[in-house]
Amino acid sequence: MRIIILGSGIIGLATAWFAAKEGHEVIVIDRQPGPAQETSFANGCQISVSYAEPWASPSALIKMAKWLGKEDAPLLFRPQLRLNQWIWGMYFLRECLPGRVEYNVRHLVGLCAYSRDVLRTLRHETGIQYDELEKGILNFYTSEQDLAGAEKIASVMRELGCDRQVISKERVLELEPAMQPSAEHIVGGDFTSDDETGDIYLFSLRLAEKASSLGVQFKFNHQVTRLLPGASKYDAIAGVEVIDDKGVHATLTAQAYVVAMGSYTPLIVKPLGIYLPIYPVKGYSATLQVTNPALTPTVSISDSAYKMVFTRIGNRLRIAGTAELSGYNRILNPVRCQALTQRAKSLFPGACDFDHPQYWTGLRPTTPSNIPFIGQTRIPNLYLNSGHGTLGWTMGPGSGKALADILSGRAPDIDFQFIGQSAKQS
Ligand SMILES: Cc1cc2nc3c(=O)[nH]c(=O)nc-3n(C[C@H](O)[C@H](O)[C@H](O)COP(=O)(O)OP(=O)(O)OC[C@H]3O[C@@H](n4cnc5c(N)ncnc54)[C@H](O)[C@@H]3O)c2cc1C
């Protein structure tokens, strides 16, 4: 079957790879000059199965209320006169109800764990290297109150098969000696040895190369402008309209179309009458050159108070975090940028070149529940793989494989709420 995939972020690429392996003819279209140039470019690089918690929870509401109006807050809400922002907010409130949180955590962890297995197999089969490290994720606490709440979520994660253990301050320092300069502030932490890290951009680049050699065609510098509808709202898509960087228009056709355009997916399917509550939640990262490896962590660190992650990727340290609900703008706010570098400097003094950070911002394609839309829409040849929010790297390989299964007419090998499919019987 000929399949056109819209978007070459981690999700589009993983879908392309697995669909091509199934023997399909695959074309990937992206407006950028190469793969993974938007949200999949410089993220936190964590494969964080054991921390796959949705943002929406009763405690999140209290924290968000405290952060309102603070320019350097981990989560910044800039109210706009945009209906989609307010509708998304209403759905988010609903997802904060305890019953919903439990359901969401179970489904997220399931997809994340499946995806990590898929990633490991893919890595083994292809030999792709991307500064990966299997050293776990360590989440540290500076408040006794936060530490007291840690066991509850850790035990939920253990029930779901993750090895997340609450640990003492001494164990934190033993696992990651680079935390020593902050010892006096740390009260404890939790740790998962099974989680891992790696550069999402390097991985995407290598996967695109491997996919090319499998026959996948990439059309970069092509802006997707419209999906051509069939005669009625249930009829098949007739083609996709694109315009290249020289201004040349074309219509491309296939038997199936997969929309994996991240935060832009809702915009392209809206004219077809498909409403998707995916909102762009802006995040920031800073990348620093390591100058003293002994003082720089190799275990990936999550800072629960500041909602930042610190990940070693080769001879660089990536700091990522913050969430801003302010529409599609990708302007770098200096206050939020400096908050990342300042925190890194205070935790790991002398570790990196703090004077030359590379700042970046990306839009997380976020659903109110954090659960992505994967599967077939009511339009028979139109499929979605979008809305992976804070966990697109963690869920990406598994989401790509699952959708390739669906495209091939098979039920995916995981119990998940795929759209257009009834849940797999276990
Ligand atoms: C600061 C930050 C830290 C993060 N840290 C982590 C982490 O540690 N672990 C984790 O699992 N996840 C993390 N994430 C989330 C993860 O990066 C995203 O979920 C993931 O990259 C989304 O991938 P995607 O393929 O859906 O979207 P994208 O990577 O944005 O890909 C969409 C593609 O569609 C293309 N496109 C869009 N519109 C058009 C159009 N009209 N025509 C043609 N092409 C188009 C774009 O060019 C882009 O290449 C983080 C995100 C941020 C912002």
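How do the residues of the shell around the ligand divide into nonpolar, polar and charged? I looked this up before anything else. They divide into 15 nonpolar, 23 polar and 4 charged. I counted Ala, Val, Leu, Ile, Met, Phe, Trp, Tyr, Cys and Pro as nonpolar, Asp, Glu, Lys and Arg as charged, and the others, Gly among them, as polar.

**Ground rules.** I am working on a predicted model, where local features need pLDDT of at least 70, side-chain atom pairs count only at pLDDT 80 or more, and totals for chains, interfaces and linings use all residues. Residues are numbered from 1 along each chain as its sequence is written.

**Ligand shell.** I find 42 residues around the ligand. The closest are Gly9, Gly44, Gly262, Gly283 and Gly392. A residue is near a molecule if its C-beta atom, placed from the backbone, lies within 6 Å of it.

**Whole protein.** I noted 10 helices and 20 strands. These are DSSP runs numbered from the N terminus, helices (H or I) of at least four residues and strands (E) of at least two. The radius of gyration is 21 Å, close to the 22 Å of the globule rule for 426 residues, so the protein is as compact as a globular protein of that length. The radius is taken over C-alpha atoms, and the rule is 2.2 Å times the number of residues to the power 0.38. Along the principal axes, the C-alpha atoms fill a box of roughly 65 × 45 × 45 Å. Buried residues make up 47% of the 426. Buried means 20 or more other C-beta atoms within 10 Å of the residue's own, exposed means 12 or fewer, and partly exposed is in between, with C-beta atoms placed from the backbone.

**Open sheet.** I traced 6 strands in the order E9-E2-E1-E13-E20-E19, with mixed pairing. Strands E9 (217-219) and E19 (373-376) stand at the edges with a single partner each, so one side of each lacks a neighbour in the sheet. Neighbouring strands are turned by 20 degrees against each other on average, direction ignored. Pairing requires at least two DSSP bridges between two strands. E1 (residues 2-6) and E2 (residues 25-29) run parallel, joined by 5 bridges. Here Arg2 stands opposite Glu25 in E2. Helix H1 (residues 10-21) packs on the sheet, touching E1, E2, E13 (256-259) and E20 (382-386). Contact means C-beta atoms, placed from the backbone, within 7 Å. The direction of H1 makes about 165 degrees with that of E2. Axes are lines fitted to C-alpha atoms, for helices over the stretch in contact, with angles from 0 to 180 degrees between N-to-C directions.

**Strand E17.** Is E17 (residues 316-325) largely enclosed or open? I see 8 of its 10 residues buried, so E17 is largely enclosed by the rest of the structure. E14 pairs with E17 in the antiparallel sense over 7 bridges. Lys282 stands opposite Glu324 in E17. E16 (residues 308-313) also pairs with E17 in the antiparallel sense, over 6 bridges. Phe310 faces Ile319 across that pairing, standing opposite. The hairpin of E16 and E17 has 2 residues between the strands, and Gly314 there takes a positive phi near 65 degrees.

Cys45 has phi near 65 degrees. Cys45 lies in the loop between E2 and strand E3 (46-47). Cys45 counts as buried, because 29 C-beta neighbours lie inside 10 Å. Asn221 has phi near 55 degrees. Asn221 is in the loop between E9 and E10. Asn221 counts as partly exposed, with 15 C-beta neighbours inside 10 Å.

Definitions and conventions:
Contact = placed C-beta atoms within 7 Å.
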